[in-house]
Amino acid sequence: MPNFNIDAKKDMTYDAIVIGSGMSGGWAAKELCEAGLKTLVLERGRMVEHIKDYPTANNESWDLELRGAIGPEDQKKHYKAGRAGFIGENNKHFYANDQEAPYTEVKPFLWVRAHQMGGRSLIWGKQTYRWSELDFEANAKDGHGIDWPIRYKDLAPWYTHVEKYAGISGEALGLPQLPDSHFLPPMELNCVEKEVKQRLEKEFPDRNLIIGRVAHLTVEHNGRGKCQFRNRCDRGCPFGAYFSSNAVTLPAANATGNLTMRPFSIVDSIVYDEKTGRASGVKVIDSETGEMQEYLAKIIFCNASTLSTTRILLNSTSSRFPNGLGNDSGELGHNLMDHTYRVGAIGNYDGFEDMYYKGRRPNGIYIPRYWNIDAKTKSDKFVRGFGFQGGAYRPGWGAGANMDGFGEEFKDNLITNPGPWEFFITGFAECLPYHENKVSLDKQNLDKWGQPTLAIDAEWKANELALNKQIQEDALEMLEKCGLKNIVGFDNKHEMGYGIHEMGTARMGRDPKTSVLNATNQVHACKNVFVSDGACMTSNSCVNPSLTYMALTARAASHAISELKKGNL
Amino acid sequence: MNRREAIKNTALLGGASILTGSLFSILQSCKSEPRLSWKPSFLTADQAQLISAMVDTILPKTVTPGGLDVKVDIFMDTVFAKLYNAEGQKALVADMDGFNEKCRSKFSKPFHELDKEQRTEILKAEEAGSPKYNGKVWGTAVGEQKPVGFCRSMKSLMLWGYFSSEEVGMKVLNYDPVPGDYLGCVPMAEVGRVWSL
């Protein structure tokens with residue numbers, strides 16, 4: 001697409017620098033470029049251009065020797081992220097090389113990274129939910145962590161702003177704990193999901209089963225094609241039907257003529273100018289040559305993804321900030337959160353044997369939070385709550401391995417009978433912000449480029465375990481009351497990180513003594529540095545976070561632009 | 001399914017650049033070559049005979065192709081060679097030896113020399129005592145998986161090889177690479193066969 005700045009020498013000064021090109025970095029680039037700012041986007045990985053760099057988008061299993069599986073060499077390369085179970089031959093090029101950029105698990109922690117233009121926006125789950133007032137008030141009300149410096153009303157117009165451009169499909173329901181987005185038409189529930197919905201909402205009047213709200217286009221939108229229901233999203237979508245930086249925000253930024261993208265650029269640190277009390281620029285290592293260069297700008301957006309952003313801030317030391325840029329509070333690196341993952345139940349539905357579906361829907365069902373919404377739903381075992389994702393499907397030939405028998409009848413049955421309907425739900429619980437859950441710079445273990453790595457030291461505590469226990473009980477009870485059979489509960493006991501929703505470590509707050517960022521995502525004591533990726537989060541709700549990062553970023557960018565105009569930055 | 005329509009739609013939306021891989025292969029005729037012989041990468045000749053015989057017993061040729069017709073045994077050998085680690089390969093060899101040993105002690109012959117009834121008897125006995133695979137959520141098994149044993153794991157592998165083969169994936173199952181829409185409740189009678197993808 002755009003202005004590659006590989007020959008970096010000639011152009012070292014910009015109006016704005018955005019570190020990271022993923023979910024939030026792409027939005028920062030779009031908003032800043034559209035306001036007329038000459039913007040440099042730094043990406044540590046390679047270039048990935050929309051469509052052109054989706055080489056596996058149309059592969060079939062039989063096109064590949066191992067039919068989509070990865071062999072021992074690739075397993076070694078992805079020895080950390082491979083644990084998540086999502087990496088295969090068709091998407092492996094969108095996952096970071098764990099051997100080149102290791103990290104230390106002081107306690108077990110899964111950190112899934114994507115080092116390329118677009119970052120994890122190419123491989124995300126696309127579930128998109130607004131936070132509610134309940135979420136922004138949570139810390140203040142139950143006393144865990146510190147109060148958010150903003151409320152739902154501050155973010156609501158920015159949710160609308162990003163949703164209108166990104167394209168979010170879903171159904172408006174008016175639930176107070178899950179505010180409606182600006183929606184494109186919802187995807188359809190299948191027969192069994194409709195049946196379970198009816199039963200569930202009758203048995204549990206305060207619970208809802210809805211189609212997932214997702215960043216997939218169900219109609220053409222802003223020149224992008226609608227979802228073709230191939231469910232091959234994580235290879236990159238040739239139709240541009242799901243939201244990614246590559247398909248949506250970076251092309252928009254580029255269209256202004258104000259964007260420069262520099263791939264292969266690992267940020268060493270943000271440079272603080274003692275005289276002005278502002279950041280003057282960013283030190284960058286060219287990952288191909290190893291050469292260090294410095295770029296200058298009036299404002300810097302740090303959107304490298306939660307832990308990478310914090311690594312950069314911790315590594316940005318000066319006499320004013322000996323413990324990392326903006327770390328007056330000592331909270332930088334602390335209060336790491338994630339969502340609990342893979343606790344739930346699965347069962348069979350007897351019936352609808354004569355019904356099937358058409359298309360591979362990249363989406364499932366959602367059961368919004370119903371605990372601790374009001375006095376009536378208050379739990380005495382835990383604070384906060386959880387939601388469920390799930391869905392119904394027929395396993396097709398995949399059921400065959402568990403079926404006894406073989407021979408003619410066995411084989412031909414698998415061709416004509418899609419097997420019994422299965423239905424599962426799996427919970428995502430909110431995690432409290434604990435000072436002890438932290439990351440720190442590990443200067444003993446350096447990466448391929450001589451950069452300090454991160455040591456991650458975090459674990460679930462009593463409240464998260466109590467939430468998981470309730471998830472398990474509720475999942476079993478709901479499936480039973482909804483008429484499912486052969487119900488099996490599960491709790492895979494995953495450590496933190498499996499939710500791939502890491503948040504916190506540079507939190508927003510009202511008081512510089514207890515937080516790193518202010519209400520508009522500026523580093524308290526260095527106002528021209530903005531952090532609006534997951535690092536900024538003060539609590540973590542139980543809903544998927546990406547939409548909130550997008551909205552916070554657009555809001556912060558708008559503030560940056562207005563402050564620049566006023567001459568305040 | 002309407003392949004022509006799928007090709008047309010895709011080409012319109014994405015231009016020539018996406019007409020690669022599978023779509024290119026749709027345009028070619030899919031001829032099934034009779035297999036004369038093959039040289040295993042991992043298996044010994046005896047082990048290959050065992051695996052081939054298991055494939056032929058579990059997935060025989062009917063009105064639809066058999067497992068051997070679509071080279072499931074060759075695929076399995078590739079998987080053993082390239083996907084299994086050293087530990088897995090060692091365990092596999094021990095399992096194959098152990099299974100043939102059972103056949104010998106019961107019928108004085110290795111599996112591939114048994115007749116259909118004998119093969120049926122021994123496979124049934126193996127399956128009856130074997131734990132099943134746990135349910136999966138987003139591709140990963142939930143809960144603690146008990147070892148399913150040699151026969152069920154081979155069955156799982158050969159089903160993968162069979163149904164992910166080009167011949168079966170495109171001609172036997174219902175192949176719809178670009179569905180275009182999701183319809184949640186469609187009578188099975190209208191779909192006809194299990195979806196390929």
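These exercises work through the fold, core, chain contact and selected residues of a predicted model.

Residues are numbered from 1 along each chain as its sequence is written, and chains are lettered from A in the order in which they are written. In this predicted model, local features need pLDDT of at least 70, side-chain atom pairs count only at pLDDT 80 or more, and totals for chains, interfaces and linings use all residues.

**Exercise 1. Describe the overall build of chain A.**

Step 1. Take the secondary structure. Chain A has 10 helices and 21 strands. Both are DSSP runs numbered from the N terminus: helices are H or I with at least four residues, strands are E with at least two.

Step 2. The C-alpha trace spans about 80 × 55 × 45 Å along its principal axes.

Step 3. Look at burial. Of the 569 residues, 58% count as buried. Buried requires 20 or more other C-beta atoms within 10 Å of the residue's own; exposed is 12 or fewer, and partly exposed lies in between, with C-beta atoms placed from the backbone.

**Exercise 2. Find the residues that touch the most other members of the largest nonpolar core.**

Step 1. A nonpolar core is a set of buried Ala, Val, Leu, Ile, Met, Phe, Trp, Tyr and Cys residues joined through C-beta atoms within 7 Å.

Step 2. Name the residues. In this core of 165 residues they are Ile17(A), Ile19(A), Ile300(A) and Cys302(A). Helix α10 (residues 546-565) of chain A gives the most to the core, with 10 residues.

Step 3. Follow one of them. Beyond four places in sequence, the contacts of Ile19(A) include Leu42(A), Val267(A), Ile300(A) and Cys302(A). A contact means C-beta atoms, placed from the backbone, within 7 Å.

**Exercise 3. Work out how chains A and B meet.**

Step 1. Count the sides. Chain B supplies 59 residues and chain A supplies 58. On the side of chain B, helix α7 (residues 149-163) has the largest share, 6 residues.

Step 2. Look for strand pairing between the chains. Strand β13 (residues 355-358) of chain A and strand β3 (residues 183-187) of chain B pair antiparallel over 3 bridges. Pairing takes at least two DSSP bridges between the strands. Here Tyr356(A) stands opposite Val186(B).

**Exercise 4. Is Ala475(A) buried or exposed?**

Step 1. Ala475(A) sits in helix α9 (residues 462-481) of chain A.

Step 2. Count neighbours. Ala475(A) counts as buried because 26 C-beta neighbours lie inside 10 Å.

Step 3. List contacts. Among the residues touched by Ala475(A) are Gly344(A), Ile425(A) and Gly489(A).

How values were computed. Two residues are in contact if their C-beta atoms, placed from the backbone, lie within 7 Å.
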